[in-house]
Amino acid sequence: MASNALPQAVKIVEVGPRDGLQNEKEFVPTAIKIELIDRLTQAGFANIEAASFVSPKWVPQMADGAQVMDGIARRAGTIYSVLTPNLRGFEGALAARADEIVIFGAASEAFSQKNINCSIAESIERFAPVAEAARANGVRIRGSVSCALGCPYQGEVPVASVVDVVARFAALGCDEIDIADTIGVGTAKRVHEVFEAVTKAFPRERLSGHFHDTYGQALANIYAALEEGIAIFHASVAGLGGCPYAKGATGNVATEDVLYLMNGLGIRTGIDLDQVVAAGDFISTAIGRPNVSRAGKALLAKRQNAAACA
Ligand code: HMG
Ligand code: MG
């Protein structure tokens with residue numbers, strides 16, 4: 001374990017508009033996506049994953065990335081990130097004035113094939129020119145390591161495989177690297193083991209935890225990562241999401257729940273929880289999907305009770 005002292009401040013990366021909405025079967029109108037991002041911007045996020053520039057044949061929900069990026073009201077200082085699987089995606093990202101591109105590989109060979117149709121080694125080769133182009137254009141690069149704590153196809157993922165992909169992403173010049181529990185199978189002990197190992201390959205302060213809540217472990221895993229000194233976490237408003245290539249995976253941990261935890265721990269986030277709760281209510285209502293944030297639902301109920309008693 002890194003140290004007993006938890007970080008005093010963390011960066012929460014809001015991934016709902018991309019990682020969350022990409023999983024919705026019905027096409028979410030572009031105007032709704034834009035309003036969601038604008039609400040999240042106003043709530044104070046320093047980083048929002050806003051869109052994907054991937055093949056619309058693979059993820060039709062993200063086909064309007066250019067229009068979304070064109071329509072949002074950007075706040076100076078907020079990083080708007082987009083996924084780019086190849087140079088074509090990077091060109092779209094550049095034209096859309098994305099602040100950060102996300103390249104995404106897996107620590108599991110089987111998942112890599114299902115998600116991006118190539119092996120881990122091939123995916124890194126494919127990302128090399130994308131990373132080079134990003135560096136040449138002064139665009140930040142984030143590497144996301146899917147299935148770092150388990151894979152829906154191959155099961156157990158060795159810690160050494162996670163370290164290997166992190167080292168490869170580091171060599172490509174990533175500014176930040178995500179350790180992603182894509183199917184939410186990890187538990188706190190494994191989180192400690194993985195972060196202890198990967199912090200030897202990449203600076204701790206630029207590593208992030210991306211936890212899904214499939215088995216109800218996400219907040220415990222975040223706490224374990226905090227104990228490892230990790231200070232960047234991904235979360236999805238109203239718990240939107242899942243993964244099209246990981247059956248049964250629920251969404252990322254809900255942002256409202258993470259903020260409630262951080263507020264309780266006295267860890268600064270710079271984000272207004274009430275505004276995030278309202279954004280979660282907005283998007284859940286707009287797409288007709290239950291809000292799965294426990295803190296979000298509790299705070300909404302409290303607000304409604306207060307209004308009824310007034
Ligand atoms: P492919 O079919 O192997 O290759 O796709 P392709 O080059 O033959 O492309 C297929 C078609 O897509 C072609 O069109 C291309 O032109 C087009 P056609 O000639 O058939 O008309 N195409 C594109 N169109 C727009 N933008 C592009 C682009 N690239 C090709 N950038 C490919 C390979 C990598 C493109 C495909 O597999 C792909 O786009 N995959 C993305 C899948 C994806 O987005 N998955 C979800 C993200 S990962 C994730 O969610 C996990 C993460 O959140 C972490 C976690 O949650 O744990 C990061
Ligand atoms: Mg995710």
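Contact is taken here to mean heavy atoms within 4.5 Å. On that basis, in this predicted model, glutamate 176 is in contact with Lys11, Arg140, Ile141, Arg142, Gly143, Phe202, Arg206 and Ile232, once its neighbours within four places in sequence are left aside. Glutamate 176 is located in strand β6, which covers residues 176–181, and it is classed as buried because its relative accessibility is 5%, where the cut-off for burial is under 20%. Its side chain takes part in a polar contact with the side chain of arginine 140, at 2.7 Å.

The strand that holds glutamate 176, β6, belongs to a barrel that eight strands close in the order β1-β2-β3-β4-β5-β6-β7-β8, with parallel pairing. From one strand to the next, the twist averages 30°. On one side, β6 pairs with β5 in the parallel sense over four bridges, and within this pairing glycine 143 has isoleucine 177 of β6 as its bridge partner. Strand β6 also pairs with strand β7 (residues 207–211), again in the parallel sense and over five bridges, and here isoleucine 179 is found opposite glycine 209 of β7.

Strand β5 comprises residues 140–146, and because six of its seven residues are buried, it is largely enclosed by the rest of the structure. Besides its pairing with β6, β5 is joined by seven bridges to strand β4 (residues 100–106), the two strands running parallel. In this pairing, glutamate 100 stands opposite arginine 140 of β5, the residue whose side chain also makes the polar contact with the side chain of glutamate 176.

Helix α2 (residues 30–43) lies across β1 (11–14), β2 (47–52) and β3 (79–83), and its direction makes an angle of about 165° with β2. Helix α10, made of residues 255–265, lies across β1 and β8 (232–235), running at about 170° to β1.

A metal site is also present in the model. The magnesium ion (ligand 2) is coordinated by Asp19 through OD and by His210 and His212 through NE2, at 1.9 to 2.1 Å. Along the chain, the donors of this magnesium ion (ligand 2) follow the spacing D-x190-H-x1-H. Both histidines are enclosed: histidine 210 is buried, with a relative accessible area of 5%, and histidine 212 counts as buried at 2% relative accessibility.

A search of the whole structure finds zero disulfides. Cysteine 151 is in no disulfide, the nearest cysteine sulfur being that of cysteine 147, at 4.6 Å, whereas a disulfide requires a pair of cysteine sulfur atoms within 2.5 Å.

Definitions and conventions. Residues numbered from 1 in each chain as written. Chains lettered and ligands numbered in written order. Predicted model: local features only at pLDDT ≥ 70, side-chain atom pairs only at ≥ 80, totals over all residues. Heavy atoms only, no water. Buried < 20%, exposed > 50% of the residue type's maximum accessible area, 1.4 Å probe, protein only. Polar contact = N/O pair within 3.5 Å; in protein donor to acceptor, adjacent residues only side chain to side chain. Pairing = 2+ DSSP bridges. Axes fitted to C-alpha atoms, helices over the stretch in contact; angles between N-to-C directions. Donors = N, O, S within 2.8 Å, 3.2 Å for Na, K, Ca; no water.
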